[in-house]
Amino acid sequence: QEAPSARVGLVDWFFGASGIGGKRASFTVAVLGAAGGIGQTLSAFIKANPKVAELRLYDVAPVVRGVAADVSHVNTRAKVSGYVGDDELEACLRGCDLVIIPAGVPRKPGMSRDDLFGVNAGIVRTLCEGVAKTCPNAIVNIISNPVNSTVPIAAEVFKNHGCYDARKLLGVTHLDVMRAKTFVAAAKGFDDPTLVDVPVIGGHAGTTILPLLSQTTPRCSFTPEEVSALTSRIQNGGTEVVEAKGGAGSATLSMAAAAAEFADACLRGLSGESGIWACAYVESKATRAPFFATKVLLGRNGVERVAGTGTLSSYEKRALESMLPELEASIKKGINFLHS
Ligand code: NAD
Ligand code: LMR
């Protein structure tokens with residue numbers, strides 16, 4: 001007797017039953033830096049997204065062709081191809097709707113994210129020049145650190161090419177949100193971290209990462225000691241992983257999951273779904289810093305609305321005021337890089 005067909009699909013697992021045989025895949029997504037720690041896992045996650053028709057994997061490391069061959073065997077709709085080096089960047093980017101950039105070096109113990117500027121600033125500039133020339137209307141998700149500076153670098157590149165659209169450039173800070181959900185759920189005994197919401201605002205480095213615990217839902221209260229300990233753990237989540245990996249890199253697996261979830265939110269917005277809010281580091285008027293992470297509403301043009309910070313506790317007000325000079329300096333450093 002024949003066994004009934006089993007519902008064991010990867011798509012079903014990640015995206016629910018609506019992904020199986022659901023809306024036809026329609027988007028072309030590129031991952032730049034796809035042979036790296038984040039890039040490989042992220043590519044596998046994106047391959048499982050039923051909204052993706054084509055997945056283009058680019059890296060300067062030739063092994064990316066093997067990564068593409070590997071990922072292509074996953075039985076989902078997306079067609080996968082690999083691209084190596086400058087000569088193939090344009091072919092990779094042609095017609096892309098979403099470009100995700102995790103290219104660049106990661107931290108080792110003792111380093112700050114800003115210590116990566118010297119190498120990663122140039123990488124982000126080159127890749128964004130490719131985007132500007134080839135797919136200037138694509139949504140761009142920047143993961144490469146230091147995000148506080150690499151997003152302003154990307155903005156300057158697009159301005160230089162006359163194609164800057166603030167709605168389409170997003171620094172990925174979603175890992176901070178994932179960490180906040182996980183750590184708060186553990187501290188407060190919530191069984192399911194996916195149901196916890198904690199906005200994380202500011203930037204993506206040290207004290208510029210500011211979780212708004214006072215706005216946590218489900219509503220719960222925190223003692224001053226809990227606020228201080230949880231804020232510090234969320235701010236230092238990246239360093240916790242860097243130290244635990246002992247010199248072998250920084251967060252890759254959780255980052256890939258965060259980037260995949262964030263990319264899905266961008267694609268849902270592009271598809272016309274309503275009410276898709278996520279935290280991201282974008283051009284903003286929420287504070288005096290020209291780039292700032294808050295919740296943003298994602299839609300057909302990328303960022304349709306940038307939320308304010310909402311009502312802050314006095315602890316959060318103080319933390320915001322004291323982080324702004326560092327954030328502003330990192331933004332200036334990114335902008336100046338293009339003019340030096
Ligand atoms: P990795 O070294 O494992 O991978 C980086 C990849 O980038 C490599 O495959 C490398 O060949 C590739 N690369 C280098 N120069 C390139 C170029 N010019 N064009 C295309 N590809 C190029 O590093 P990783 O662990 O994947 O981290 C990548 C970056 O992401 C780091 O800067 C890291 O700090 C950052 N990161 C950001 C977050 C965040 O929350 N935004 C989280 C984790 C890591
Ligand atoms: C993270 O937050 O994990 C990343 O920014 C990587 C790092 O260097 O900490």
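The shell around ligand 1 holds 19 nonpolar, 13 polar and 2 charged residues. Here Ala, Val, Leu, Ile, Met, Phe, Trp, Tyr, Cys and Pro count as nonpolar, Asp, Glu, Lys and Arg as charged, and the others, Gly among them, as polar. This is a predicted model, in which local features need pLDDT of at least 70, side-chain atom pairs count only at pLDDT 80 or more, and totals for chains, interfaces and linings use all residues. Residues are numbered from 1 along each chain as its sequence is written, while chains are lettered from A and ligands numbered from 1 in the order in which they are written.

### Ligand 1

Of the 34 residues around ligand 1, the nearest are G33, G36, G37, A103 and N145. A residue is near a molecule or strand if its C-beta atom, placed from the backbone, lies within 6 Å of it. Three elements each supply at least two residues of this shell: α2 (37–47), β2 (52–59) and α5 (117–134). The top contributor is α5, with 4 residues. Helices (H or I, at least four residues) and strands (E, at least two) are DSSP runs, numbered from the N terminus.

### Strands around β2

Strand β2 is mostly covered, with 6 of its 8 residues buried. A residue is buried if 20 or more other C-beta atoms lie within 10 Å of its own, exposed if 12 or fewer, and partly exposed in between; the C-beta atoms are placed from the backbone.

On one pairing, β2 meets β1 (residues 27–32) in the parallel sense over 6 bridges. Two strands pair if DSSP finds at least two bridges between them. Within that pairing, A30 stands opposite R56 of β2. The chain runs from β1 through α2 to β2, and this β-α-β crossover is right-handed. A crossover is right-handed if, with the strands pointing away from the viewer, the path from the first strand over the helix to the second runs clockwise.

Strand β2 also pairs with β3 (residues 79–84), again parallel and over 6 bridges. Here the bridge partner of L55 is V80 in β3. The chain passes from β2 through helix α3 (residues 64–72) to β3 in another right-handed β-α-β crossover. In a regular strand the side chains alternate between the two faces of the sheet.

### Ligand 2 and the annotated site

Ligand 2 has 13 residues around it, and R107, N145, G238, S250 and A251 come nearest. Its shell has 5 nonpolar, 6 polar and 2 charged residues. Helix α9 (residues 237–245) gives the most, with 5 residues.

UniProt lists H204 as "active site" in an unreviewed entry. UniProt positions are given in the numbering used here, feature names are shortened, and annotations may be inferred rather than shown by experiment. H204 lies in the loop between β7 (200–202) and β8 (209–211). H204 has 27 other C-beta atoms within 10 Å, so it is buried.

### Cis peptide bonds

A cis peptide bond joins N145 to P146. The table sets this bond beside the one at P218.

| Cis bond | Omega | Loop holding the proline |
|---|---|---|
| N145 and P146 | about -5° | between β5 (139–142) and α6 (147–160) |
| T217 and P218 | about -5° | between β8 and α8 (224–235) |

### The whole chain and its C-terminal part

The protein has 11 helices and 11 strands. Its radius of gyration is 19 Å, close to the 20 Å that the globule rule gives for 340 residues, so the protein is as compact as a globular protein of that length. The radius is taken over C-alpha atoms, and the globule rule is 2.2 Å times the number of residues to the power 0.38. Along the principal axes, the C-alpha atoms fill a box of roughly 60 × 60 × 40 Å. Buried residues make up 49% of the 340.

For residues 173–337, UniProt lists "domain: Lactate/malate dehydrogenase C-terminal" (unreviewed entry). This stretch is 47% helix and 17% strand, and its end C-alpha atoms are 22 Å apart.

Y315 lies in helix α11 (residues 314–339). With 16 other C-beta atoms within 10 Å, Y315 is partly exposed. S340 sits in the segment after α11. S340 counts as exposed because it has 6 C-beta neighbours inside 10 Å. The C-alpha atoms of S340 and R219 are separated by 48 Å, at 121 residues apart along the chain.
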